[in-house]
Amino acid sequence: MSTSAHLPAETAVASGTVTDRLVEANQRYASGFTDPGMDARPVLRVAVVACMDARLDLHAALGLQLGDCHTIRNAGGVVTDDVIRSLTISQRALGTRSVILIHHTGCGLESLTEDFRHELEDEVGQRPSWAVEAFRDVDQDVRQSMQRVRTSPFLLHTGDVRGFVFDVTSGLLREIDPTG
């Protein structure tokens, strides 16, 4: 049992984990929260697939407000089977029509290889079922992600799929031509 369990709540948070700090922030947030009266359908009927990198503030960078879009994030912003699952639900059950893909400069996946999986297998004795999806050329990886969305048999709306690279030093998006 952690020592913070025996301390007053204020002391536990002050000396506790990051999660404790976030839960405390949520309590402050909830104390002034009012239900915005929205449903789960995004107002702009768009889904954004992006990297999980902490430097990407997607709502600010795209001028989005709460309720405007569905946001799907993972390492690299890669279109995996799980992203296709989320996009399928987003389109078929919740009405989205457009997909925006956002990778970024300086992505950590550019410095990894599939050897990462082998290293994990050596360490834990089990090979991960998932691919790392590492890449060397961010533009080409955006093109590959656009192609995966456009060719998925599960997605109804593949006519408005656009891909971008976000520059983490300037904040600007650079659109990627799908044909290279």
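**Close-up views of a predicted protein chain**

**View 1. Gly159 in a loop of the predicted model.** Gly159 lies in the loop that runs between helix 6 and strand 4 (161–166), where helices (H or I, at least four residues) and strands (E, at least two) are DSSP runs numbered from the N terminus. Gly159 counts as exposed because its relative accessibility is 78%, the classes being buried under 20% relative accessible area, exposed over 50% and partly exposed in between, with a 1.4 Å probe and protein chains only. Between the C-alpha atoms of Gly159 and Leu66, which are 93 residues apart along the chain, the separation is 25 Å. The model is predicted, so that local features need pLDDT of at least 70 and side-chain atom pairs count only at pLDDT 80 or more, whereas totals for chains, interfaces and linings use all residues. Residues are numbered from 1 along each chain as its sequence is written, and side-chain values use heavy atoms, with hydrogens and water left out.

View 2. Glu133 is placed in the loop between helix 5 (115–124) and helix 6 (138–150). With a relative accessible area of 18%, Glu133 is buried. When its neighbours within four places in sequence are left aside, Glu133 is in contact (heavy atoms within 4.5 Å) with Val78, Leu109, Glu114, Gln144 and Arg148.

View 3. A pair of aromatic rings is described by the distance of the centres and the angle of the planes. Rings of Phe, Tyr and Trp (its six-membered ring) pair if their centres lie within 6.5 Å, and planes under 30 degrees apart count as stacked, over 60 as edge-to-face and the rest as tilted. By this rule the count is one aromatic pair. Tyr29 and Phe33 form this tilted pair, at 5.4 Å centre to centre and with 50 degrees between the planes. Tyr29 is exposed, its relative accessible area being 52%, and Phe33 is partly exposed at 43%.

**View 4. The whole chain as context for the close-ups.** The protein chain has six helices and five strands, and these follow the pattern α-α-β-α-β-α-β-α-α-β-β along the sequence. Its C-alpha atoms fill a box of roughly 60 × 50 × 35 Å, taken along the principal axes. Of the 180 residues of the protein chain, 33% count as buried. Among contacts between residues at least 6 apart in sequence, 62% join residues at least 24 apart.
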